[in-house]
Amino acid sequence: MKVLILGSGVVGTASAYYLAKAGHEVTVVDRQPAAGMETSFANAGQLSYGYSSPWAGPGIPVKALKWLMMRYRPFVIWPRPDARLGWWLAQMLANCNEEAYRLNKSRMVRIAEYARESLTALRAEMGITYDDRQRGTLQVFRTQKQLDHVGDDTGVLDQYGIPYEVLDAAGCVSKEPALGLVREKMVGGLYLPQDETGDVHQFTQRLAKICEGMGVTYRYGTTIQRLATEGGRVTGAVTTAGTLTADRYVVALGSYSAALLRPLGMNLPVYPVKGYSITVPITDPDGAPVSTVMDETYKVAITRLGERIRVGGTAELAGFSLTLRQPRRATLEHSVHDLFPKGGDLSRASFWTGLRPMTPDGTPIVGATPFGNLFTNTGHGTLGWTMACGSGRLLADLVSGHTPEIDSSDLSLERYRHVPPEGKAAARKQAA
């Protein structure tokens, strides 16, 4: 069967690998000159299987207001007329309750754990390396209030049998020795031993080469303009290189997936949440992190990638803007310097931004659509790297008509039944 994948980020490339492994003839299309050049280029670097949690949760609206007032803000909204942002925020607020949080986290952990098993098997089979480390991650709490709420997350971890340790300050230093220099700045932490780290860009590009060796065709420098449909099926992807046809189509375009599908009457509640990172050369290995440290106060991840420290975080709602804003850099620099003052040379750091494709409930949209031969694998938010192999493997089973190894009944677009007025108008226009 011929399968056309739209998007060559880590999610699209992982989908290509598992589809090729299933025996399909796969083509990947992307406007960039190589794989993993957009949101998969310089993310925070952690594979947060146990830390997979929705942003929408009890108390988040109040916390968000406090974050907006902080000097080093983890959350920023740029006021602008944007009806889709308002619709997306309304849905997110509807998920800010205990019942929705537990349901959404259980979905996310299900995919994440499947992704961990899948990546472990892929790494063993293919021998792929990507500055990877299997040393766990440490969430650092600076206040007693943060530590007291650790049970909000460990309940679901217990449900899925995911190991963890709740630590005091000394325990945090035992996992990350460089934190001994700033021991007074933390009261405790949550350690997740099965979490990993790695350079997503390296992984994506090296996996793309493996895919090519398996017969996958990559068509770079090709912009996808629209999908042509007839009789409830997609008949082709109209691109700058002409119309490309296949038996099955997979949309893995991250934040840009929603715009492609909107003319078909489908309203994916996927909105770009802008994230930033700096990459800092290590000057003192003993002063750098061993793996990933999550700074809970500033929502910043600090990750060891070979001889570099990747510092990623912040959530900025600014549409599709890719402007690099210095105040966001200041937040990242403050967090890493505060916890690892001797680790790296901030004066030589590179600065980057990318658009995370976020759903209101935090769970990606993986599976079938109302069009019989069209599938989605998008909306992973900050966890595209974490979930890529799991959602790619799941997607390959669904496209192949096989029963997946994990429950996928609540992961597709079907779980969003509400269609906003603009979506209904688009559907009528398409039908006409």
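Reader: What is the orientation of α1 and α11 to each other?

Author: Two packed helices are described by the angle between their axes and the distance between the axes. Here the axes of α1 and α11 come within 8 Å and cross at roughly 40°. The two helices are therefore oblique to each other (under 35 degrees is roughly parallel, over 145 roughly antiparallel, 65 to 115 roughly perpendicular, the rest oblique). Axes are lines fitted to C-alpha atoms, for helices over the stretch in contact, with angles from 0 to 180 degrees between N-to-C directions. Helices (H or I, at least four residues) and strands (E, at least two) are DSSP runs numbered from the N terminus. The model is predicted: local features need pLDDT of at least 70, side-chain atom pairs count only at pLDDT 80 or more, and totals for chains, interfaces and linings use all residues. Numbering starts from 1 along each chain as its sequence is written, and side-chain values use heavy atoms, without hydrogens or water.

Reader: Which residues of α1 and α11 meet?

Author: Contact means heavy atoms within 4.5 Å. From α1 come Val10, Val11, Ala14, Ser15, Tyr18 and Leu19. Their counterparts in α11 are Gly384, Trp385, Ala388, Cys389, Ser391, Gly392, Arg393, Leu395, Ala396 and Val399.

Reader: At what angle do the axes of α4 and α11 cross?

Author: They cross at roughly 90°, and the axes come within 6 Å. α4 and α11 are therefore roughly perpendicular to each other. On the α4 side the contact is made by Met108, Ile111, Ala112, Tyr114, Ala115, Ser118, Leu119 and Leu122. On the α11 side it is made by Thr386, Met387, Cys389, Gly390, Ser391, Arg393, Leu394 and Asp397.

Reader: In what order do the six strands of the open sheet lie?

Author: Two strands pair if DSSP finds at least two bridges between them. The order is β9-β2-β1-β13-β20-β19, with mixed pairing. β9 (217-219) and β19 (365-368) are the edge strands, each pairing on one side only. Neighbouring strands of the sheet are turned against each other by 20° on average, direction ignored. Within the sheet, β13 (residues 248-251) and β20 (residues 374-378) run parallel and are joined by three bridges. Val250 has Phe375 in β20 as its bridge partner.

Reader: Which strands does α1 touch where it packs on the sheet?

Author: Helix α1 (residues 10-21) touches β1 (2-6), β2 (25-29), β9 and β20, and its direction makes about 170° with that of β1. Helix α11 (residues 384-400) also packs on the sheet, touching β1, β13, β19 and β20. The direction of α11 makes about 175° with that of β20.

Reader: Which residues of β15 are buried, and on which sides?

Author: Buried means under 20% relative accessible area, exposed over 50%, and partly exposed in between (1.4 Å probe, protein chains only). Both faces of β15 (residues 292-295) are covered. Thr292 and Met294 are buried on one side, Val293 and Asp295 on the other. β15 pairs with β5 (residues 137-141) in the parallel sense over four bridges, and Leu138 has Val293 as its bridge partner. Four bridges also join β15 to β16 (residues 300-305), and these two run antiparallel. Asp295 stands opposite Val300 of β16. β15 and β16 form a hairpin with four residues between them.

Reader: Is Thr197 buried or exposed?

Author: Thr197, in strand β8 (residues 196-197), counts as buried because its relative accessibility is 0%. Leaving aside neighbours within four places in sequence, its contacts include Gly45, Gln46, Leu47, Asp131, Thr292 and Thr303. Thr243 is 46 residues from Thr197 in sequence and 39 Å away in space, C-alpha to C-alpha.

Reader: In which helix does Arg116 lie?

Author: Arg116 lies in α4 (residues 98-126). Arg116 is buried, with a relative accessible area of 17%. Not counting residues up to four places away in sequence, Arg116 touches Tyr49, Gln194 and Glu196.
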